[in-house]
Each structure stands twice: as structure tokens, then as C-alpha cells.
Amino acid sequence: MEKKLAEFKCDTNEAICLKLVRFQEDVDDDSTTFHPEYSHQIFGDDEVAFGYKGLQIQLFYTAGNLSTLFKVKYSSKVTETFDCVEPDEVEGKIREIIPAGFTCNTDDFVSLLEKEANFKPFGTLLHTYTVHSEEAGDLTYQIHKADITCPGFQEYHERLQTFLMWFIETASFIDADDDRWDFFLVFEKYNKDGETLYATVGYMTVYNYYVYPDKTRPRVSQMLILPPFQGEGHGAQLLEAVHRFYCNQPCLDIYTLRDYVLVKLCQGMSSFAADKLHLGFSADMAKEAQDKLKINKKHARRVYEILRLRATDMSDEEKAREYRLEVKKRLFGPYRKNQRELAKMRKCLRPEELVSHMGQMDTQTQHEELEKSYQVVVEEYRRIIERLATQA
């Protein structure tokens, strides 16, 4: 009996079928389908739905406006075989997270594609960039900054944030009515029947916290690049656009914001796994960060140092010493350059000139400055780690 009932269990990560639809033929094209990484917030830790065979939960979105088709299909239901056994209420669980206004009729959904030409990105254009595709050539992308006052944006955002449940492990919906939220949106421009249309690529939310007496401090809340666009560098482009937007606001530590977002993006990568951090910064880390997120080696190194600090028991003197030396080795770069310059000076300066420059490069002073730099860096890293902990 138990074995027969087990046949009616379905992996919800496989059962949920997501699409971003541009053309009518995309609806039946399996190659445009993608699946969640997570579904435990809806279907429990086991990520299983009971009571169906061949379960398919269709959540199809028009590429730009994200108008939604929701359908549940299955080949058989447990009630057809067993009495007194109830299936999970799959449809009801999905309805809890998708906003009203969706359709359950495929023909109605296809007709909504005709209205996509009327969809335009919300808010203010901040940045335009291109990405080369082997199949499509150079593709153009735009980053816009929006807020809740933009007409139609609240309804659009309610549809957009449903993706968080499937791709961020501890995601939660935000109260978009709060006017202290800023939204940064990425769109792709594409051509359809001679018209320019826009497809949603991803977004970031930033909350402007009040700082006494009359300032605010922006803090990144969540960031998501949708799966069809991942690995193309859009996350890095979005981050840079946010940097530029806030760079003239005095309360924002722009580098802390950058490091915080990069750590969130990299901490799940295999090369940054906890068991590899104590081995030191590696070429694999630099390569994976570059290949997947277009992050340069310098920034990948900082991500490594933050993650290693988080994984290090600093009350253990030996582990703390190893970490300190690892960071100082990087910080010592400018001082090492000074030593090379001093060696050159010995060959070409008169003694009195050499004494003058040697006074500027005193070894004891260098050690003191190096220690100060280390303490400043570690304090910055600790703030980022604390912020990560509060967002976990």
C-alpha cells in the first residue's frame, strides 16, 4: 500500500514549469521552460506534492509585463485509485503567492502577448549596455530606477516578486507600499514584427533606512537575475548602476554595498565552499567569479577574505594569525612597491636625497600603517558579515 501511494509523490521543483514568453510558439516549446531551485517555502522541506502522477504546475509569464498563465495538469489523481486519501491542495498553495489577475486559459494568455508592445519599462533610465550573444549578436539592455509612485508599478512588482520564492532560499515578499523602497530593474530590448519590445531580466530592491537626524542609509534587500539571463554579467551591471546612483549620497558606503552584494552572489559557488576557504585564494575562485558574474580578480579576492573571516574562529590564535597574514599579504603590495622604488633610488640619488626619501619609507612606520589598514579592513568585513546574518 505504501509503495503504491509513493507513486503519487511528485518533486515540486520538477513539477513547476516557468516560462518568460515572447512569441506564441514559446508556449509549447519545452526549451524555453525553466524550473525552481527551491519550492520548500510553498510545499515544505521535502519539496514534494502528494496525490498526483505526472503533475505539472504551469506558471507562464509574458516576457515584459509578466501577465500570468496558471494551470495545473496531471495524468492521474490518488482519489481515482484510493478511497479516503486526499491529495495536497496544490492549486490553493500557488494561489497564495500569485496576485489576482492571472488567467487559467491558454488562448486568453496568448492574446495578452499582443499587448506586450504597449509595455514600457518603469521609472528613470539609469544605464544602457550591450552583451554579445553567439546566436543573436549584440543585445541591448537597460537599467531603470523605479518606485511605488510609478503608475502600474505596484501590480507589476507583485507579479515579479513571485520569482523570489523559487530562486532565493529564504525569500520574503516586501511591503511595497512603504515609499522608502527603491527598485532597480533590468530589461532587454528585442524586436518583434518590426517593433521594439522589452523583456524583464531581473531586479534589485534597496531600502532607505532612516539615520538620525535627517539622513537615510540605503541597504540592499534582495537581488535576482532570472535564470534565462544568468551568467551573462547582468548582476555586475546592475550593481554598478546602483553604485553610480547612490555615489553622491554621503551616508552610503559604496564599497561596503558592493562587497555585500558580491558576497551574496558568490557564497553559493563551489570554489568558495567553506572547506576550501582555509586553502587560500585560488585561481578557481577568480575564474568562477569572472565566468559566472563577470567579477574581476580584485573584487573576487575581497569576497574570499570576507567569507574566510566568517568561517574562521578568531578566538583560535593560530587560525586568527593565519587569516591576518593572508590579508596582510595582499595589503603589503603597495609597501613592497615602495621597497622596489627605494632600491632604484639607491642607484641614482645623492646621499642627502636618499636620506630624505628613506624617512618617508621607514620600515617601522610601514608595519604600523599595515596593521592599521588590516584593522580597518577587518572592521569593514565584520559589518558586512553582520548584515549578511540579519538577512539570512
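A polar contact is a pair of N or O atoms within 3.5 Å, where one must be able to donate a hydrogen and the other to accept it. With that in hand, welcome to a few close-up views of this predicted model.

View 1. The side chains of Gln 142 and His 144 are joined by a polar contact of 2.9 Å. Gln 142 has a relative accessible area of 9%, so this residue is buried. Looking past the neighbours within four places in sequence, you can find Gln 142 in contact with residues including Pro 121, Leu 125, His 127 and Thr 128. Leu 185, Val 186, Phe 187, Lys 189 and Tyr 198 are also among the contacts of Gln 142.

**View 2. The buried residues of helix α6.** Helix α6 spans residues 153–160, and here Phe 153, Tyr 156, His 157, Arg 159 and Leu 160 are buried. Seen down the axis of α6, these buried residues fall within an arc of 160°, so they line one face of the helix. What covers them includes the strands β5 (56–62), β6 (68–73) and β9 (137–146). Also part of the cover are β10 (181–192) and β11 (195–211).

**View 3. A salt bridge between Lys 53 and Glu 7.** The side chains of these two residues meet with an N to O distance of 3.3 Å. The pair links distant parts of the chain, 46 residues apart. Lys 53 belongs to strand β4 (residues 52–53), while Glu 7 lies in the loop between α1 (2–6) and β1 (9–11). Lys 53 counts as partly exposed because its relative accessibility is 30%. Glu 7 is partly exposed as well, at 45%.

**View 4. Arg 301 and Glu 305 in helix α12.** Glu 305 forms a salt bridge with Arg 301, and the closest N and O atoms are 2.8 Å apart. Both residues lie in helix α12 (residues 297–311); because they are four residues apart, about one helical turn separates them. Glu 305 is buried, with a relative accessible area of 0%, and Arg 301 is buried too, at 12%. Follow the links onward and you meet a network of salt bridges that joins Arg 301, Glu 305, Glu 326, Lys 329 and Arg 330.

**View 5. A salt bridge between Asp 178 and Arg 180.** Here the side chains meet at 3.6 Å, N to O. Arg 180 is partly exposed, with a relative accessible area of 36%.

Notes: Residues numbered from 1 in each chain as written. Predicted model: local features only at pLDDT ≥ 70, side-chain atom pairs only at ≥ 80, totals over all residues. Heavy atoms only, no water. Salt bridge = Lys/Arg side-chain N within 4 Å of Asp/Glu carboxyl O. Helix = DSSP H or I, 4+ residues; strand = E, 2+ residues; numbered from the N terminus. Buried < 20%, exposed > 50% of the residue type's maximum accessible area, 1.4 Å probe, protein only. Arc of directions from axis to C-beta. Contact = heavy atoms within 4.5 Å.
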